[in-house]
Amino acid sequence: MTGMTSNGRRPLLNRRLAEFGTTIFAEMSALALSTGSINLGQGFPDTDGPEEIREAAVRALRDGRGNQYPPGPGVPELRTAIAEHQKHRYGLAYDPDREVLVTAGATEAIAASLLALVEPGDEVIALEPYYDSYAASIAMAGGTRIPVTLRPHEETRDGVTHRRFRLDLDELRDAVTDNTRLLLVNTPHNPTGTVLTREELGEIAKLAVERDLLVITDEVYEHLVFDEAEHLPLASFPGMRERTVTIGSAGKTFSFTGWKVGWVTGTPDLVTAVRSAKQFLTYVASGPFQYAVAEALALP
């Protein structure tokens, strides 16, 4: 039987991953390639990002910066640039040496954060629909996934009907139990495009403080907001900085998804915990690209 050991007693694949199979992104991208179709199934752009950022990566390669193992937490230049970005954009002050961790893209940041912070028996609330790595990473950590679904909603402002997916805050509160360890929040949201409002984020923050919950916020689309929408980091709300792991991504911001440069910001204790798991995943990655992203974050 396929997937069974030679004695037939047990499947080869860890039971925690048995329900997931091949990620849908790999399946759809392979199908698009084989059929010559336009690929709407994976979040990468049609064109590369700015030439000056590409040239920064070329310079790093030629200058021998990052061609060997970079420091485990990330190169100092990038950690400093990430801290300055958070301070300039959102007024969030982070120590680049103790509160910033560079990862192999946001996907590794998500996996490392969940593996570090979740134990068997812990419940993790995730906003549904969600990026499929959320479910797999929660399963690998031995946690129990509790979905809270974003639902279509219409509202009329100034005579114009607006449609968006909205979080039901009562449903979120009802989902929290004594076993809830962590909220996994994604805003701007993939795939619905919803950007959680100040009011919604404020209620999430109150709930997290009241129930003493940890929060992981996936904010990789932070710079892809339109019209009246405004991205507000959950860590900037009262009581949230000390309990929030914030995840960002250069791939989404600068259109270099293949470079796999992401990051985590949080308190020293949270970042140390995430680094403890991350070091046994990739250890380090994307050396020369880290230097290029540091320059990119400093651009006007």
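**Close-up views of a predicted model**

**View 1. Salt bridge between R164 and E200.** E200 is buried in this predicted model, its relative accessible area being 6%. The side chain of E200 takes part in a salt bridge with R164, and the closest N and O atoms are 3.3 Å apart. Because R164 belongs to strand β5 and E200 to helix α7 (residues 198-210), the pair ties together parts that are 36 residues apart in sequence. A network of salt bridges links D170, R173, E203 and K206.

**View 2. The β4-β5 hairpin.** Strands β4 (residues 151-157) and β5 (residues 160-166) pair in the antiparallel sense, with 7 bridges between them. R151 has R166 as its bridge partner in β5. The two strands, β4 and β5, form a hairpin with 2 residues between them, and D158 in the turn shows a positive phi of about 55 degrees. A salt bridge joins the side chains of R163 and E154 at 2.8 Å, N to O. R163 is exposed, with 63% relative accessible area.

**View 3. Salt bridge between R145 and E19.** By the rule applied here, the model has 15 salt bridges. One of these joins the side chains of R145 and E19 at 3.7 Å, N to O. R145 is in strand β3 and E19 in the segment before α1, so this pair ties together parts that are 126 residues apart in sequence. R145 counts as partly exposed because its relative accessibility is 28%, whereas E19, at 60%, counts as exposed. The C-alpha atom of E19 is separated by 28 Å from that of S249, which is 230 residues apart from E19 along the chain.

**View 4. The open sheet.** The order β1-β9-β8-β7-β6-β2-β3 describes an open sheet of 7 strands with mixed pairing. Its edge strands, each pairing on one side only, are β1 (100-103) and β3 (144-149). On average, neighbouring strands of this sheet are turned by 20 degrees against each other, direction ignored. Strands β8 and β9 (residues 262-265) run antiparallel and are joined by 4 bridges; in β9, V264 is the bridge partner of I247.

**View 5. Helix α5 and its packing.** Helix α5 (residues 132-141) is mostly covered, 8 of its 10 residues being buried. Among the buried residues are Y134, I138 and A141. The buried residues of α5 pack against α4 (105-117), β2 (123-128), β3, β6 (180-186) and β7. G142 follows α5 and has a positive phi, near 85 degrees.

**View 6. Surroundings of E222.** E222 is placed in the loop between β7 (214-218) and β8 (244-249). Although buried, E222 has no salt bridge: R89, the nearest side chain of opposite charge, is 6.9 Å away. The side chain of E222 does make a polar contact with the side chain of Y90, at 2.6 Å. Not counting residues up to four places away in sequence, E222 touches H85, Q86, Y90, P188 and H231.

**View 7. Surroundings of Q290.** Helix α10 (residues 287-297) contains Q290. Q290 counts as buried because its relative accessible area is 2%. With neighbours within four places in sequence left aside, Q290 is in contact with P70, G74, V75, L78, V102, V261 and A285.

Conventions. Residues are numbered from 1 along each chain as its sequence is written. This is a predicted model: local features need pLDDT of at least 70, side-chain atom pairs count only at pLDDT 80 or more; totals for chains, interfaces and linings use all residues. Side-chain values use heavy atoms; hydrogens and water are left out. Buried means under 20% relative accessible area, exposed over 50%, partly exposed in between (1.4 Å probe, protein chains only). Lys and Arg count as positive and Asp and Glu as negative; His and the chain ends are not counted. A salt bridge is a side-chain nitrogen of Lys or Arg within 4 Å of a carboxyl oxygen of Asp or Glu. A polar contact is a pair of N or O atoms within 3.5 Å; within protein, one must be able to donate a hydrogen and the other to accept it, and residues adjacent in sequence count only if both atoms are side-chain atoms. Contact means heavy atoms within 4.5 Å. Two strands pair if DSSP finds at least two bridges between them. Axes are lines fitted to C-alpha atoms, for helices over the stretch in contact, and angles run from 0 to 180 degrees between N-to-C directions.
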